[in-house]
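Subject: Structure for you to look at

Hello,

Here is the structure I said I would send.

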Amino acid sequence: MISTPINEQLGIKYPIFQGGMAWVADASLAAGVSNAGGLGLIAGMNSNGEQLRAEIKKARELTDKPFGVNVMLMSPFVEEVAQVVAEEKIEVITTGAGNPGKYMKKWLEAGIKVIPVVPSVALARLAERNGAFAVIAEGGESGGHVGDLSTMALVPQVVDAVSIPVIAAGGIADGRQLAASFMLGAQGVQVGTRFLVATECTISQEYKDKVLKAKDIDTVLTGKRLGHPVRSLKNAFTREYLKKEYNSSEVSDEELEKLGLGVLRAAARGGDVKNGCVIAGQVASMVKKEQSAKEIIEEMFTQAEEVLGGAMKWVK
Ligand code: TUI
């Protein structure tokens with residue numbers, strides 16, 4: 001049985017968080033992961049305050065286990081979302097795509113454990129100073145908005161820099177990668193891509209099928225020119241976008257920003273996996289079948305125990 005201090009502190013069975021994926025992570029997925037013993041999260045990104053409140057209510061009907069909300073700091077609704085999570089006294093908040101400093105006081109006063117996603121040592125240190133309970137060190141292998149460093153390089157550097165717990169993210173889909181995260185000094189992991197095909201995940205079947213068919217080199221980064229690179233699966237959308245992105249004389253940054261609007265929703269909810277943005281991490285090709293959140297989590301932890309148990313074979 002793998003157990004780390006954060007299991008007890010968060011009241012969860014396994015030290016695994018579900019990524020707070022925009023347009024993907026709804027009450028159904030969050031409750032599915034929490035019921036399976038992990039920490040499920042609802043994405044705050046695509047909701048205004050009242051929509052998020054309704055989703056939290058739904059999740060509370062589906063599970064009596066702890067769950068969290070991800071606050072995407074670039075969201076147009078960030079102010080209302082930040083207020084609703086405080087009023088609802090959510091157990092855990094993760095944040096993404098920015099520095100949550102200005103909301104920390106409000107959230108800590110509401111008794112919430114705040115766990116920012118950080119792409120660098122400097123932001124990890126800042127989070128610790130601001131009272132974060134832990135940090136999620138997310139490497140650039142992950143899907144969506146990514147930082148520069150890889151998980152292998154980032155996680156041990158963050159572990160050395162802070163004394164709060166570190167959760168590893170980016171490129172973690174099976175028990176070997178889970179075991180490796182512990183070797184890097186992490187106390188747990190955050191998994192996104194593998195949960196895309198969970199039975200409890202309500203995205204379009206077309207999106208799930210695209211992930212299931214992905215090969216190792218099928219992801220690509222768009223939006224580097226705008227300063228927020230996003231990793232997704234190659235398709236007509238990424239081909240068209242990249243043509244415009246690297247032909248800068250003809251397409252302004254504003255036009256490029258516009259091209260990215262609504263495309264994730266089109267893929268995740270509308271099933272348009274050609275002209276929509278199919279966000280997934282570099283481990284997409286390791287995701288082979290649809291399974292319940294419980295099967296995914298138990299398979300990962302069983303495999304991690306096996307490989308950790310066998311690791312001594314290399315030590316003479
Ligand atoms: O946030 C994510 N992944 C995401 S957000 C998203 S939605 C989106 N839509 C359009 C454009 C961009 C995003 C899809 N995937 N992961 C967590 C994460 N946070 N990755 C990187 C960061 C990050 C980046 C900069 C965290 C803090 C940060 O701080 C910069 C600063 O100094 O404010």
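Which residue in β5 does threonine 95 stand opposite? The residue facing threonine 95 is proline 116. Please keep in mind throughout that this is a predicted model.

**The three-stranded sheet**

There is also an open sheet of three strands, ordered β7-β11-β10, and its pairing is antiparallel. Its edge strands, β7 (144–145) and β10 (219–222), each pair on one side only. Strand β7 is held to β11 (residues 230–233) by two bridges, and the two strands run antiparallel. Within that pairing, histidine 145 has valine 230 in β11 as its bridge partner.

**The ligand**

Histidine 145 turns up again at the ligand. The ligand is surrounded by 15 residues, and the closest are Ala97, Gly98, Leu123, Glu138 and His145. Three of these place an N or O atom by a ligand nitrogen atom:

- Alanine 97 has a backbone N or O atom 2.9 Å from a nitrogen atom of the ligand.
- Histidine 145 likewise has a backbone N or O atom 2.9 Å from a nitrogen atom of the ligand.
- Glutamate 138 uses its side chain: a polar atom there lies 3.2 Å from a nitrogen atom of the ligand.

On its own the ligand has 720 Å² of accessible area, and the protein covers 71% of that. Sorted by class, the shell around the ligand consists of eight nonpolar, six polar and one charged residues.

Which domains supply the shell around the ligand? At least three residues come from each of domain 1 (5–202 + 289–313) and domain 2 (205–282).

Best regards

Note on methods. Residues are numbered from 1 along each chain as its sequence is written. This is a predicted model: local features need pLDDT of at least 70, side-chain atom pairs count only at pLDDT 80 or more; totals for chains, interfaces and linings use all residues. Side-chain values use heavy atoms; hydrogens and water are left out. A residue is near a molecule or strand if one of its heavy atoms lies within 4 Å of it. A polar contact is a pair of N or O atoms within 3.5 Å; within protein, one must be able to donate a hydrogen and the other to accept it, and residues adjacent in sequence count only if both atoms are side-chain atoms. Accessible areas come from the Shrake-Rupley method with a 1.4 Å probe; for residues, only the protein chains shown count as cover. Ala, Val, Leu, Ile, Met, Phe, Trp, Tyr, Cys and Pro count as nonpolar, Asp, Glu, Lys and Arg as charged, and the others, Gly among them, as polar. Domain bounds come from an automatic or database domain assignment. Two strands pair if DSSP finds at least two bridges between them. Helices (H or I, at least four residues) and strands (E, at least two) are DSSP runs, numbered from the N terminus.
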